[in-house]
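Please look over the complex shown here before reading on. The report takes up confidence, then the individual chains, then the contact between them.

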Amino acid sequence: MEAVVEATDLEKTYGETVALSRASLSVARGEVFALIGPNGAGKTTLVRALTGTTEPDSGSARILGASPAAVDRDRLGVLPQEFSPPGRLSARELLAYYAGLYDDARDPDDVLADVGLVDAGGTWYEDLSGGQQRRACVGSTLVNDPDLLFLDEPTTGIDPAGRRTVWRLIEDLADAGTTVVLTTHDMAEAERLADRVGLLADGSLVAQGPPEALVRDHGGSSRLTIETAAAPDAFADLAYPVERPERGRNRTPDSAVVVREIDPAAIGTVVDYLEEREIEYTELSWAEPDLEDVYLTLADATERERTDRLESGDGGDRGGSNLAQSGETA
Amino acid sequence: MSRMGRVRAETTAGWRSFIRRRTAVFFTFFFPVILIVIFGALIRTDPTGEGLFTEPAAYYVPGYLAVVVLFTPLSRMGSEVARHREGSRFEKLATTPLTRPEWLLAQTAVNAAIIGLASLLILGLVVLLTGAQIAFSPLLVPYILIGVICFCGVGAMLGSYTDSQDGAVAASNAIGLPLLFLSETFISLSQLPGWFEPLVNLSPLTYFARGVRAATYTDATTPAVAGVDPALANLGILTALAVVAFALGARSIPRTD
């Protein structure tokens with residue numbers, strides 16, 4: 001399939017901070033590619049390198065068959081992460097303004113309808129709610145009906161209903177053949193929208209693939225979470241591995257235990273176990289691994305690797321380390 | 001969409017944004033008015049005395065016009081560039097067909113409209129409050145327009161090379177105030193030390209002041225330049241400087257981080 005976005009070994013540093021380290025990716029026509037990763041992982045820098053708004057130190061990038069600096073801008077739509085358009089233009093005027101910059105533009109009222117802002121069309125941008133503002137910004141990327149769309153955290157600050165409006169919009173665009181590269185901290189968003197996901201950590205794309213493949217390869221096993229004050233030792237006789245939940249799951253580690261690798265049909269045996277041993281619990285919940293598990297696993301692994309490097313005094317030599325890996329591979 | 005279409009879209013957005021900031025509109029016009037009231041009506045000129053304001057009132061018309069032709073583009077462009085940078089608007093525009101010269105041209109058009117209106121107000125007030133007898137030369141139009149182009153270019157550079165809106169405004173004041181008083185606007189060359197003359201000749205505002213004075217003040221003693229009428233010659237020099245300032249200003253506008 002034809003690659004609409006192609007990046008090879010992109011590197012970018014700001015002073016001593018490595019923003020991108022040998023980042024390579026390829027996105028096919030009509031594909032939705034989501035970049036996930038912790039703050040400062042390099043997502044925005046990668047988007048900027050691909051859109052030509054930052055110059056990588058090395059490596060190459062091509063979008064729509066041309067270098068980012070030479071691409072036909074009529075075919076491109078970009079939403080920067082911290083974009084703040086003129087505040088005293090109404091949402092309709094704002095879209096008309098951006099539409100006026102293109103050879104062939106859509107009717108701003110149609111775009112307003114797409115982003116669910118018909119009723120707020122006459123309201124100044126600065127008087128819109130945060131979520132409405134972000135939707136107006138998303139609308140500004142759609143006025144030229146782009147073939148390739150870069151959305152840097154498009155749903156940040158948008159309420160759940162507005163988020164779903166944007167999701168449906170992105171799905172419709174992808175169905176119509178638009179290639180979309182987006183960054184997000186919302187794993188549900190990535191899982192729902194993306195054909196493929198790339199996880200950036202510490203400037204490197206540490207994994208990429210379809211969400212289900214990433215979950216299968218890196219997400220671990222299914223889990224039964226038991227809200228209880230009992231320690232994992234209390235479950236020593238259970239036929240499944242039991243551990244404390246990982247951090248980031250909205251609970252303190254000592255308020256629950258997680259039973260791994262358990263089939264839903266076997267949950268009854270766990271309930272029997274709890275009652276036989278009179279272990280008090282307040283709630284049981286079973287879940288398949290998801291993209292958040294992938295994120296936590298891989299981001300944690302990268303963070304540990306980085307900490308180890310820093311502790312061993314090798315923190316400033318990331319690029320060298322990667323090049324060495326490349327040499328070994330070759 | 002043609003180049004003109006893109007410039008029109010940017011100009012319309014810039015104009016709407018400006019006129020909806022009422023405080024900015026008020027003070028853009030209030031600043032030159034208060035200056036005329038203070039210097040022209042309260043202090044008054046004294047052609048027979050010594051020190052400042054010893055020339056007839058018409059001599060100072062270029063100075064009053066320079067207040068808006070110099071300060072408005074410097075401060076507006078400086079803060080506009082900084083505002084665009086801080087709101088990632090240049091990052092967005094860099095991915096659209098709008099080019100940097102087109103953006104600067106649109107902003108210049110907005111400034112030209114504002115300064116054109118302010119200049120009419122200034123000329124009216126100067127005549128009304130100071131009794132200045134001036135010739136309403138058609139050359140005033142290109143002088144004001146080219147002056148605006150020149151200082152919009154300088155303002156774009158200030159905004160690009162400072163790191164914040166506050167920094168841009170402070171820099172425009174620091175550069176604008178000396179230029180305003182040391183460019184043969186309010187202070188004649190004879191009142192300055194002889195060694196200062198080459199510096200005065202470096203200021204684009206000097207050619208604006210000399211040319212406007214030659215065009216509007218019938219008793220002006222502005223010298224010809226290489227035998228060419230001073231009203232036209234200074235316009236030519238100002239135009240050359242404006243082309244350079246506009247080109248450098250457009251080039252300085254950030255496209256990447």
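## Confidence

Among the elements of chain B, the lowest mean pLDDT, 84, belongs to helix H2 (residues 22-43) of chain B, whereas helix H10 (residues 230-252) of chain B has the highest, 97. This is a predicted model, and across chain B the pLDDT averages 90, with 96% of the residues scoring at least 70. For the complex, the predictor gives an ipTM of 0.88 and a pTM of 0.86.

## Chain A

The secondary structure of chain A consists of ten helices and 13 strands, and its C-alpha atoms fill a box of roughly 75 × 55 × 35 Å along the principal axes. Of the 330 residues in chain A, 43% are buried. Among the contacts in chain A with a separation of 6 or more, 70% are between residues 24 or more positions apart.

## A buried helix in chain B

Helix H6 (residues 140-161) of chain B has 22 residues and reaches 31 Å from its first C-alpha to its last, which is close to the 32 Å expected at 1.5 Å a residue. Because 18 of the 22 residues of H6(B) are buried, this helix is largely enclosed by the rest of the structure.

## The contact between the chains

The contact draws 24 residues from chain A and 22 residues from chain B. On the side of chain B that touches chain A, the elements giving two or more residues are helix H1 (3-19) and helix H4 (89-93) of chain B, and H1(B) gives the most, with seven residues.

Note on methods: Residues are numbered from 1 along each chain as its sequence is written. Chains are lettered from A and ligands numbered from 1 in the order in which they are written. This is a predicted model: local features need pLDDT of at least 70, side-chain atom pairs count only at pLDDT 80 or more; totals for chains, interfaces and linings use all residues. Two residues are in contact if their C-beta atoms, placed from the backbone, lie within 7 Å. Helices (H or I, at least four residues) and strands (E, at least two) are DSSP runs, numbered from the N terminus. The expected span of a helix is 1.5 Å times one less than its number of residues. A residue is buried if 20 or more other C-beta atoms lie within 10 Å of its own, exposed if 12 or fewer, and partly exposed in between; C-beta atoms are placed from the backbone. pLDDT is the predictor's confidence in each residue, from 0 to 100.
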